[in-house]
Amino acid sequence: MDANHFKIDVPVKEVMRYNPATIGAEATVPKAAAKMCKKGVGSCIVLQNNVPKGIVTEEDINCKVVAKDRKPGDVYVSEIMSTPLITIDIDKTVGEATHMMVKNKVRRLPVVDKSKVVGIVTVRDIISVSNEMNEIMSDLIKVNHNYEDSNGSATSGVCDNCNLMSDDLVFVDGRMLCSVCRISDDTD
């Protein structure tokens with residue numbers, strides 16, 4: 001694994017959005033579009049008798065209704081939804097979600113807990129977590145690199161002894177020390 005990539009098994013429940021947009025299978029396309037606009041999302045999970053049956057997305061509306069010049073008010077979401085609904089269990093990891101998305105060529109996975117939809121995880125959610133983790137790891141690698149490479153040369157950071165910022169840290173006996181702490185360490 002190279003220094004710029006970090007794999008972590010983050011639980012899906014840590015990155016998913018709770019209470020996803022849902023709509024009944026008997027609803028029309030304008031109702032689904034209005035719900036997506038109201039919630040600021042690109043999909044609605046389609047329910048039939050409160051059981052998730054499919055998902056309708058902006059792309060479904062564009063490609064299956066608008067592009068075919070169908071009248072949206074005459075089209076039910078059950079006609080254009082993507083089915084079967086591919087879901088992921090709340091106890092799975094982001095890595096497992098990513099593999100499911102790639103395998104099934106989908107960008108959204110409803111998250112279920114005992115067959116009940118409790119959230120949704122999207123490619124965008126996973127990318128944001130991945131980018132954050134890569135930034136954190138990059139920062140930690142830089143800090144570690146500075147500790148290992150300082151070999152007597154001064155650097156900036158927080159002193160391991162007094163916890164104060166210093167522009168004059170030097171690696172001494174496995175710790176980064178400021179000039180004041182180096183002097184007091186020598187006199188002890």
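Predicted model: local features only at pLDDT ≥ 70, side-chain atom pairs only at ≥ 80, totals over all residues.
Before you start: residues count from 1 along each chain as its sequence is written. Local features need pLDDT of at least 70 and side-chain atom pairs pLDDT 80 or more, while totals for chains, interfaces and linings use all residues, and side-chain values use heavy atoms, without hydrogens or water.

**Exercise 1.** Work out why Cys159, Cys162, Cys178 and Cys181 gather at one spot.

*Solution.* 
- Step 1: UniProt's unreviewed entry marks these four as "binding site"; the positions use the numbering here, feature names are shortened, and annotations may be inferred rather than shown by experiment.
- Step 2: The four span 23 residues in sequence, yet no two of their C-alpha atoms are more than 8.3 Å apart, so they gather at one spot.
- Step 3: Now look at Cys181, found in helix H6 (residues 179-187); helices here are DSSP runs of H or I, at least four residues, strands are runs of E, at least two, and both are numbered from the N terminus.
- Step 4: Leaving aside neighbours within four places in sequence, Cys181 is in contact with Cys159, Asn161 and Cys162 (contact: heavy atoms within 4.5 Å).

**Exercise 2.** Find which residues of helix H1 are buried and which are exposed on the face turned away.

*Solution.* 
- Step 1: Buried is under 20% relative accessible area, exposed over 50%, partly exposed in between (1.4 Å probe, protein chains only).
- Step 2: In H1 (residues 29-39), Val29, Ala32 and Met36 are buried.
- Step 3: An α-helix has 3.6 residues a turn, so residues three or four places apart point the same way.
- Step 4: Turned away from that buried side, you'll spot Lys31, Cys37 and Lys38, which are exposed.
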